[in-house]
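Biologist: Could you walk me through this one while we both have it open? I would like to go through it piece by piece.

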Amino acid sequence: MRRFELTLPRSIDEAVRVLRDRGPDAKLLAGGTDLLPQMKNGLLKPACVVDLSGVAQVRTLEPAARGLRVGAAVPARALERDTVVRSTYTSLAESAALVGSVQVRNLATLGGNVCNAAPSADMAPPLLALEAVAVIIGPRGERRVPFADFFTGVRRTVLGADEILVEIVVPPPGPRSGGQYLRHTPRRELDIAVVGVASQLTLSNGACTKARIALAAVAPVPLRAHEAEQALEGKPVTAEAIEQAAELAVGVARPISDQRGSADYRRHLVRVLTRRTLRTALTRAGG
Amino acid sequence: MPKQILSCIVNGETVEVLVQPYVTLLDALREDLDLTGPKEGCGTGDCGACTVHLDGEPIASCLMLAMQARGREVRTIEGLAGSGALHPLQDAFVRLGVPQCGFCIPGVLMAAAALLAENPRPTQEQIRYGIAGNLCRCTGYTKMLAAITEAAGALPARGA
């Protein structure tokens, strides 16, 4: 690996100061599972690496009734195992369990997954479907950005060079709500999503009060399928309604063709995975 | 670049070692601490040959800077067995003749040991999932599955 200076801040303020002083020369290190391979192959050549492992604030996982707070450097494995995340924020736990191998999931963090902003990032669609918010700290203080607005392009986010994603806040889905994340990969383990879909349904008196559908790997950024959501809301979730939503979700996808799959295949997968995740979300919501 | 002092616990002993800021935990273990059990296969976290335990959890030591292990507890294959006796997993791997070239074996054993520590009676499916991050290119995984299954039977059940 190319030489670099390593700083070991103990607080977010200290880390922000380093970023402010070093600018784009500095890179934040959380789990390292994306950063280190890119540094080893020379894709990234930071002069300064800022290790967040000594900052307690970004390593705390707080599942509370008023919502879930996940420090940006909480590893995927912790989300996969946490009983509250599994029962209440199920799609997030499911997506965390799909990242790399056990050895990778013990290092790879939720913040790293979203800040690297790969179009195929598995933990992004559940955050969109659960209406999670990014808590960002920079030299000018704190700001909050919904994940629907967080991603700006392939490997690009709203984060400035001197800003740090500190925490991910997920509001409670409420009673009678259920969700699922599914992805398609040719291999079952250690693969990257050809398409990923997260759905979340909330029910009341036999009707759907809220539907959220988010897609990964079908555009430069993870997308909400707004029209599909609206088609489900305000009425019972019937097989026909699910079919119509799956069709509308396909319309949102702007996939490319690459070695993982053609654009047509990806559109087909959007339909299939939207249908499947909505059926499971309905069951899990008690419908 | 000035070296930094890494203090951590490795295989039960407190160590202090000067490391370059840009070396991985794997390199520090192999080059500075002479623990050559963990191997570098791919260097990108795909093969699992570098698996060690960090605070009891299996990690890819090629994906972690040495300094990130400061204040933490690292266990390598060299520290898996108690003194004088093989770990039941090692014993089963020897008796069933699992290793061929042996390169992947330290990583497989550390992944399997972490699995059994969390789940002493795993199903075949859970064993496959537990070592899914470890590649063996000599042969297949049939003997590994048999050996891990046998070792699981030899371990005391949780709470026993």
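Modeller: Let me start with a pair of strands in chain A, where β6 (residues 133–138) and β10 (residues 164–170) run antiparallel and are joined by five bridges. Please keep in mind throughout that this is a predicted model.

Biologist: Which residue stands opposite A134(A) in β10(A)?

Modeller: The residue opposite A134(A) is I168(A).

Biologist: And what is the strand order of the open sheet of five strands in chain A?

Modeller: The order is β4-β5-β10-β6-β7, with antiparallel pairing. At the edges stand β4 (61–64) and β7 (141–146) of chain A, and each has a single partner strand, so one side of each is left without a neighbour in the sheet. From one strand to the next, the twist averages 20°.

Biologist: Which helix lies across β6 and β10 of chain A?

Modeller: That is helix α1 (residues 12–22) of chain A, which runs at about 135° to β10(A).

Biologist: OK, the other sheet then. What is the order in the open sheet of four strands in chain A?

Modeller: There the order is β11-β12-β13-β14, again with antiparallel pairing, and the edge strands, β11 (177–184) and β14 (223–224) of chain A, each pair on one side only.

Biologist: How many bridges are there between β11(A) and β12?

Modeller: Eight bridges connect β11(A) with strand β12 (residues 195–204) of chain A, the two pairing in the antiparallel sense.

Biologist: At what angle do α10 and α11 of chain A cross?

Modeller: The axes of α10 (residues 239–252) and α11 (residues 263–284) of chain A cross at roughly 145° and come within 8 Å, and the crossing is right-handed. On the α10(A) side the residues that meet α11(A) include I242(A), E243(A), A246(A) and V250(A), while those of α11(A) include R267(A), R271(A), R275(A) and L278(A).

Biologist: What is the make-up of that contact by class?

Modeller: The contact of α10(A) with α11(A) has seven nonpolar, six charged and one polar residue.

Biologist: Stepping back, what domains does chain A have?

Modeller: The domain assignment gives domain 1 (5–52), domain 2 (59–170) and domain 3 (177–284) for chain A. The C-alpha centres of domain 2 and domain 3 of chain A lie 20 Å apart, and 23 residues of domain 2 of chain A are in contact with 25 residues of domain 3 of chain A.

Biologist: Which element gives the most to the domain 2 side of that contact?

Modeller: That is α8(A), with five residues. The elements giving two or more residues to this side of domain 2 of chain A are α5 (90–96), α8 (124–129) and β8 (151–153), and by class the side has twelve nonpolar, eight polar and three charged residues.

Biologist: Changing topic, how many residues of chain A are in contact with chain B?

Modeller: There are 22 residues of chain A in contact with 23 residues of chain B. In chain A, β1 (5–7), α2 (35–40) and α6 (102–105) each supply at least two residues of the side that touches chain B, and that side has ten nonpolar, seven polar and five charged residues.

Biologist: How is chain B divided?

Modeller: Chain B is divided into domain 1 (4–79) and domain 2 (88–154), with 21 Å between their centres, taken over C-alpha atoms. In the contact between them, 15 residues of domain 1 of chain B meet twelve residues of domain 2 of chain B. On the domain 1 side, β3 (51–54) and β4 (57–60) of chain B each supply at least two residues, and β3(B) gives the most, with three residues.

Biologist: Last one: how do α2 and α3 of chain B cross?

Modeller: The axes of α2 (residues 88–95) and α3 (residues 105–118) of chain B come within 10 Å and cross at roughly 135°, and the two helices are therefore oblique to each other. Their crossing is right-handed. The contact is made by L89(B), Q90(B) and F93(B) of α2(B) together with I105(B), L109(B), A112(B) and A113(B) of α3(B), and these residues divide into six nonpolar, one polar and no charged.

Key
Residues numbered from 1 in each chain as written. Chains lettered and ligands numbered in written order. Predicted model: local features only at pLDDT ≥ 70, side-chain atom pairs only at ≥ 80, totals over all residues. Contact = placed C-beta atoms within 7 Å. Nonpolar A, V, L, I, M, F, W, Y, C, P; charged D, E, K, R; others polar. Axes fitted to C-alpha atoms, helices over the stretch in contact; angles between N-to-C directions. Parallel < 35°, antiparallel > 145°, perpendicular 65-115°, else oblique. Left-handed = near helix turned anticlockwise from the far one by under 90°. Domains from an automatic or database assignment. Pairing = 2+ DSSP bridges.
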